[in-house]
Amino acid sequence: MSLTGAGKIAGVVGWPIRHSLSPLLHGYWLDELKVDGALVPLAIPREDFARTVLALRRAGFTGVNVTVPHKEAAFALADVTDAAAEMAGAANLLIFHADGRIEGRNTDTVGLRESLRENMESLKGKTVVLLGAGGAARGGLLALDALNAGRIHLLNRSPGKAAQLAMALKTAVKSDIQPGALEDWANVAGHADLIVNSTSAGMKGQPPLDLDLALLRKDAVVLDIVYNPLETPLLKTAKARGLKTIDGLGMLMHQAAPSFEAFFGVRPKVTPGLRAHLEKALHA
Ligand code: ATR
């Protein structure tokens, strides 16, 4: 990195932040595109979020990426928000404009949409099983709807949350959302063209999902948004059964591209080189 006094500075704000791949990801693009700038990791506890962000704006930052647990607070803090942030009630990108306005966007939906677009044939009219009913599932529903999925079985450990989320997005989403419990897996798995795990199960230190993948069709595709580890137990089992799998790195890289453009003024590319760079870090 070579940074001058005129460099553009952005941040990534979360609690904790140690495991964030954003500095590495943006760092790769900064080097590749020879941009005079930096993206710094900032560990900020919940109670300090708003005042820290306002101070960063004052200090001349171009913006911040926002991660757990601040995405709802970021949405509340923004002066203007895009449709994706409105629908999600959460923002993962805050852009500090020269006139003082803070713009909140949600690029998580874009990340999943672009990763699916890159790795799969059209989802138009297809059947999807979406696992989970948290913030990530909400973004998932919007991405799947943007790709014109026909039916989405939204299965969650706590089925009440799936029903609530389905109700909340009913009018905003064209796809037919069918909420249910993980126990409904046996009834829906055989119809699925795509499985998307948006739960945190299978993440390092978390137990994996207990689903019988033998019930899936041979042409079903399995996507996990978890990227640590890159090969989750779900993806490993799916691969062993000969199914096509999509890991969480694609989504991560694609959600970062609009942020980079907003912070540094250049549109970066998602390339195999970037993937290799991130894979190396994840394996280290
Ligand atoms: P995020 O915003 O990342 O989606 P979240 O709102 O905490 O995070 O949601 C986590 C999701 O993972 C939830 O759907 C949760 O299920 P519950 O609503 O029943 O809590 C799901 N989840 C977490 N651990 C799980 C596990 N071991 N098995 C199944 N689902 C799990």
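Arg-151 is partly exposed, with 37% relative accessible area, in a model that is predicted.

**Exercise 1.** Which strand holds Arg-151, and what links Arg-151 to Asp-176?

Step 1. Arg-151 lies in strand β8 and Asp-176 in strand β9.
Step 2. β8 and β9 (residues 176–181) run parallel and are joined by six bridges. In this pairing Arg-151 stands opposite Asp-176.
Step 3. Asp-176 has a relative accessible area of 28% and is partly exposed.

**Exercise 2.** Describe the other neighbour of β8, strand β7, and the cover of β8.

Step 1. β7 (residues 127–131) is parallel to β8, with five bridges between them. Val-129 has His-153 as its bridge partner in β8.
Step 2. With helix α6 (residues 135–146), these strands make a right-handed β-α-β unit.
Step 3. Five of the six residues of β8 (residues 151–156) are buried.

**Exercise 3.** Is Glu-103 buried or partly exposed, and what is its salt-bridge partner?

Step 1. Buried means under 20% relative accessible area. Glu-103 has 17%, so Glu-103 is buried.
Step 2. The salt-bridge partner of Glu-103 is Arg-105, with the closest N and O atoms 2.9 Å apart.
Step 3. Arg-105, at 25% relative accessibility, is partly exposed.

Key
Residues numbered from 1 in each chain as written. Predicted model: local features only at pLDDT ≥ 70, side-chain atom pairs only at ≥ 80, totals over all residues. Heavy atoms only, no water. Buried < 20%, exposed > 50% of the residue type's maximum accessible area, 1.4 Å probe, protein only. Helix = DSSP H or I, 4+ residues; strand = E, 2+ residues; numbered from the N terminus. Pairing = 2+ DSSP bridges. Right-handed = clockwise from strand over helix to strand, strands pointing away. Salt bridge = Lys/Arg side-chain N within 4 Å of Asp/Glu carboxyl O.
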